[in-house]
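Subject: Structure handover

Hello,

I am passing on the structure below, with notes on what was found in it. Please keep it open while you read.

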Amino acid sequence: MILQRLFALVLLAVCAVLAIMAWPYQAAFSYEPVGPRAYPLLMLGLMGLGLLYLAIRPTPIVRKDDEPELDRATLFKIAACVGLLLVFAATFEPLGFILSAILVGLPMARLYGGRWLHSAMVVVGMSIFLYWLFDRVMDVPLPLGLLSVLEN
């Protein structure tokens with residue numbers, strides 16, 4: 001139990017350091033009403049509250065029988081997800097949101113047991129819908145990348 005609390009306190013300290021680093025951030029231009037620093041500060045605040053609860057909770061966290069083991073297959077999926085998110089971050093600007101989301105979404109869906117046709121249909125549909133939602137409804141511009149030739 002002491003290791004769980006120590007882990008939560010270390011992560012809480014990391015959240016505090018990241019919040020201190022994010023607080024003075026000001027972008028040269030703002031494309032959102034609240035600015036670019038609100039999202040990381042909100043996420044760090046929520047993580048901090050959760051970690052604070054984990055550090056002071058009275059009972060230890062025990063693994064239940066219905067939870068998956070942290071075996072080789074699970075660790076592989078976690079590593080693949082982190083790798084795919086790094087690919088998404090690297091291809092977001094050059095390929096654009098839609099193509100990079102498809103490039104990452106399809107292997108992610110397959111990794112968790114999706115069939116090829118269903119995965120492709122859902123990933124392509126979600127990529128286009130999310131681009132439309134962010135760009136048109138929420139007025140948050142996303143890069144089109146290689147698909148910018150389709151823009152008016």
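S127 has a relative accessibility of 4% and therefore counts as buried, the cut-off being under 20%. Please bear in mind that this is a predicted model. S127 sits in helix α5, which covers residues 116–137. Apart from its neighbours within four places in sequence, S127 touches F97, I98, A101 and I102.

Next, helix α4. This helix has 15 residues, and the distance from its first C-alpha to its last is 21 Å, close to the 21 Å expected at 1.5 Å a residue. Its buried residues are F97, I98, S100, A101, V104, G105 and L111, and they pack against α3 and α5. Just after α4 comes G113, with a positive phi of about 95°.

How do α3 and α4 lie relative to each other, roughly parallel or roughly antiparallel? The axes of α3 (residues 72–95) and α4 (residues 97–111) come within 8 Å and cross at roughly 170°. Angles over 145 degrees count as roughly antiparallel, so that is how these two helices are described. Their crossing is right-handed.

On the α3 side, the residues that meet α4 are F76, K77, A80, C81, L84, V87, F88, T91, F92 and L95. On the α4 side, they are F97, L99, S100, A101, L103, V104, P107, M108 and L111. The residues of this contact comprise 16 nonpolar, two polar and one charged.

Regards

Methods
Residues are numbered from 1 along each chain as its sequence is written. This is a predicted model: local features need pLDDT of at least 70, side-chain atom pairs count only at pLDDT 80 or more; totals for chains, interfaces and linings use all residues. Side-chain values use heavy atoms; hydrogens and water are left out. Axes are lines fitted to C-alpha atoms, for helices over the stretch in contact, and angles run from 0 to 180 degrees between N-to-C directions. Helices (H or I, at least four residues) and strands (E, at least two) are DSSP runs, numbered from the N terminus. Angles under 35 degrees count as roughly parallel, over 145 as roughly antiparallel, 65 to 115 as roughly perpendicular and the rest as oblique. A crossing is left-handed if the near helix is turned anticlockwise from the far one by less than a right angle, and right-handed if clockwise. Contact means heavy atoms within 4.5 Å. Ala, Val, Leu, Ile, Met, Phe, Trp, Tyr, Cys and Pro count as nonpolar, Asp, Glu, Lys and Arg as charged, and the others, Gly among them, as polar. Buried means under 20% relative accessible area, exposed over 50%, partly exposed in between (1.4 Å probe, protein chains only). The expected span of a helix is 1.5 Å times one less than its number of residues.
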